[in-house]
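Please study the sequence and the model shown below.

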Amino acid sequence: MQRISAIGKGIIRRGSLRWNATGTRFHESRLVGSVLFRDIQIIKPQDTFALVGSKKQFRANSTLAQEEEKDQDVYQPVSFKEYGKIDQKTLKALKAEFGYENATKVQNKIIERMPINGDLMIKAKTGTGKTLAFLIAGIEKLVQEYQEKKVDGRGKKREKIGIMVVSPTRELAFQIGEEARRLTKFHGFDVSMFVGGEPVVRQLREYRYKNHDIVVGTPGRLLDVWENSNLFRESADQTKILIFDEADMLLDMGFQQEVDKIIRLSPKDRQTYLVSATMSTKIRNVATEAFGKKDFEILDCVEKGEGNVLQNIKQSYVSVGWDKHYLAMYSLINSHIKKMKDELKRGAKIIVFLPTTKSVQIYYEVLNTLLGTGRHDDRRGARGGRGGRYGDNSDGVFVYCLHGKKDQVTRSNISKRFRAHGTNNTDSAILVTSDVSARGVDYPGTSFVIQVGVPGSVEQYIHRIGRTGRAGKQGEGVILLSEADQVFLDTVEKEQKVKIPHNEDLDREMLSALSNAYNDVVAKEKKDDVDQADHEEPVLTEIELNEREKYVKEVQKFKSKFDRVNIDDESADQMYTSFLGFYTSTDIMSKINPSLLLTHLAKSLLPFGIVDTPPLPRALRETFDSIITKKNNAMRRQNSTNYNRRGGGGFNMGFKSNYNRNDSFAGKNSHKNFRGKNFRDENNAGFGESYKFRDNNASNQRGGGYRSNDRNDRHKGGYNSGYSRNDDDNLYSRK
Ligand SMILES: Nc1ncnc2c1ncn2[C@@H]1O[C@H](COP(=O)(O)OP(=O)(O)OP(=O)(O)O)[C@@H](O)[C@H]1O
């Protein structure tokens with residue numbers, strides 16, 4: 001059974017995949033390159049998700065609609081008006097401010113139950129309109145109360161907080177605040193923001209003169225003002241409705257303490273809503289606490305046995321080593337941009353997720369040089385310019401960098417600018433970011449999500465990939481996994497009942513052909529320097545030989561651009577260390593072979609000409625030691641026969657040998673031979689070795705001028721300082 005998540009008014013006919021609607025019409029299936037995408041669209045230009053391309057283009061595409069005819073079990077949208085439960089002023093805002101006439105599935109479920117008097121747990125897939133769903137429910141409750149108490153917009157100041165929304169990130173808080181403002185425009189409600197990174201004094205000053213209808217904030221700042229400002233405390237102590245958006249993230253990780261306190265401080269007779277696209281079992285237990293042990297209703301819009309990722313998001317993985325990420329991404333992004341332009345006559349909107357701040361900074365530098373302007377247009381106060389005009393993309397490619405260690409003004413700026421990238425012109429935009437952008441944030445028109453390495457959890461994978469395919473649009477998500485990471489695929493399959501296939505646009509053979517072409521280009525360029533005796537000619541398959549020539553051109557372009565990338569040793573080392581730190585904190589670490597992980601992660605240094613892994617901070621080494629000890633104990637218990645047959649080695653053997661040969665990570669440059677050999681052995685006939693196209697002379701590189709500005713200095717402590725949590729919405733330090 002295939003399910004379509006669709007928003008609009010009409011009927012989808014079984015078998016014909018046709019949506020017939022009053023005033024709206026949509027349906028489509030189309031061939032994009034070799035890949036079949038099914039797309040669902042509402043053709044209504046004034047709609048914010050009247051989608052890709054012109055009407056004419058859409059009609060042209062929709063001739064392919066009948067190609068995919070499958071059983072559909074689809075929610076039939078209901079007009080907001082038809083419920084007869086929504087106040088006229090809210091209805092007016094839904095139409096005038098948002099251009100929406102029909103409720104989405106989750107909105108439908110909530111509106112049907114209105115007025116909501118108890119506590120709620122709301123679960124629905126990403127991008128299906130949960131924000132408006134909980135806002136409508138809360139606002140209508142407030143409107144009802146104000147009517148009963150005869151309070152109107154011009155009356156006495158409303159001192160008690162009507163609705164308090166807690167968001168894990170600042171970007172999401174601003175987004176919710178903005179939607180609340182628009183939705184209550186005709187009610188004359190006030191919305192106040194309390195987020196970290198902005199002057200609290202100013203926030204409180206504004207608050208003093210406002211009605212306290214709706215407050216939106218991040219946990220740290222909300223708690224701060226609750227505990228330290230009488231003005232805020234007096235209003236918050238009487239909060240009527242408390243809403244936790246992305247509740248599982250708030251309650252499960254990072255913010256446990258703050259959230260516990262907010263729950264304790266808020267009045268017992270409040271209503272509570274917990275909202276998310278994912279609700280782990282653990283969260284359901286924690287929720288009991290949040291609801292003050294009262295009964296609560298669960299509104300689950302995901303059917304039993306169904307995965308949490310929308311069907312209109314095409315998922316895939318690419319099996320690729322950390323040394324080849326840039327080449328793989330260059331190819332994937334270029335072909336996605338081309339596909340969007342050829343098929344839909346629009347630019348691409350791409351989000352690239354990295355696990356740590358340091359890696360966001362480095363991948364941004366590289367992608368900006370490879371595909372964008374190469375300038376740092378996203379700096380605070382910088383004015384936007386045209387994007388790059390490189391490579392096959394004759395239109396601009398704007399590359400942005402966003403993570404939790406940027407100051408708030410810059411973060412808001414970048415977020416605004418990336419959001420504004422339209423879907424109706426041929427410029428493309430790439431946002432290189434951390435998990436600050438993983439949850440809840442709505443960047444309309446995002447067509448492609450790339451995840452680099454494993455995410456923190458399966459839930460995080462779902463939220464990240466959910467930044468595309470929103471509001472019924474089509475989307476595509478790719479995850480780059482090394483051999484060590486691929487246990488993640490089994491976990492997704494087990495938990496989500498979805499098998500993620502290998503990417504068709506960049507299959508194994510093509511990737512290998514690209515790598516070989518790369519080797520050829522490097523070998524040619526270096527023919528005077530390279531010791532030919534050392535350069536083993538790889539044995540190629542027939543396909544590889546044929547494709548080889550084809551890819552040489554693309555690879556030459558890639559290389560000439562990559563040669564301009566200037567990442568210093570220190571930054572690359574910090575990235576490597578931060579990756580290890582990140583892995584130790586993930587759910588998946590318990591399933592990963594640590595020695596394999598170390599070998600693979602070390603390859604992330606190769607593109608920058610570094611063949612030695614840096615010394616690790618003690619805390620991180622100890623964490624790794626304990627992971628290995630635990631794994632070995634578990635292995636011994638579980639399978640002593642196998643263990644013995646493997647010579648008693650197990651993980652310990654594998655890890656220790658690397659570990660020791662790396663001089664316990666204590667010294668660089670002392671084990672070059674081992675490391676160089678190791679990579680050569682593992683890298684497709686010498687790809688890793690020849691990837692050292694840059695002069696590996698540390699002083700040259702350092703003198704090269706690349707410094708990702710003073711921020712580097714803050715990371716000098718490596719793992720510890722680069723990885724520590726430093727603000728209220730920094731989640732668990734990876735941002
Ligand atoms: N009734 C509607 N009709 C059309 N579009 C809608 C409707 N409701 C919401 N949308 C749009 O759908 C998109 C996704 O909505 P929203 O951000 O609320 O999703 P979400 O379910 O909260 O996703 P996430 O789980 O990622 O937080 C937004 O662009 C929003 O404006």
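**Exercise 1.** Which domains does the domain assignment of the protein give?

*Solution.* The model is predicted: local features need pLDDT of at least 70, side-chain atom pairs count only at pLDDT 80 or more, and totals for chains, interfaces and linings use all residues. Residues are numbered from 1 along each chain as its sequence is written, and side-chain values use heavy atoms, without hydrogens and water. The assignment gives domain 1 (78-300), domain 2 (313-376 + 394-526 + 547-563) and domain 3 (576-623); such bounds come from an automatic or database assignment. Over C-alpha atoms, the centres of domain 1 and domain 3 are 40 Å apart.

**Exercise 2.** State the strand order of the open sheet of seven strands.

*Solution.* Strands are DSSP runs of E, at least two residues, numbered from the N terminus; two strands pair if DSSP finds at least two bridges between them. The order is E10-E11-E9-E12-E13-E8-E14, with parallel pairing. Strand E10 (191-194) and strand E14 (296-300) are the edge strands, each pairing on one side only.

**Exercise 3.** Describe the pairing of strand E9 (163-166) and the burial of its faces.

*Solution.* First, E9 runs parallel to E12, joined by four bridges, and Met164 stands opposite Leu242 in E12. Next, E9 pairs with E11 in the parallel sense, also over four bridges; here Ile163 has Ile214 as its bridge partner. Finally, Ile163 and Val165 on one side, and Met164 and Val166 on the other, are all buried (under 20% relative accessible area, with a 1.4 Å probe and protein chains only). In a regular strand, side chains alternate between the two faces of the sheet.

Conventions
Contact means heavy atoms within 4.5 Å. Axes are lines fitted to C-alpha atoms, for helices over the stretch in contact, and angles run from 0 to 180 degrees between N-to-C directions. Buried means under 20% relative accessible area, exposed over 50%, partly exposed in between (1.4 Å probe, protein chains only).
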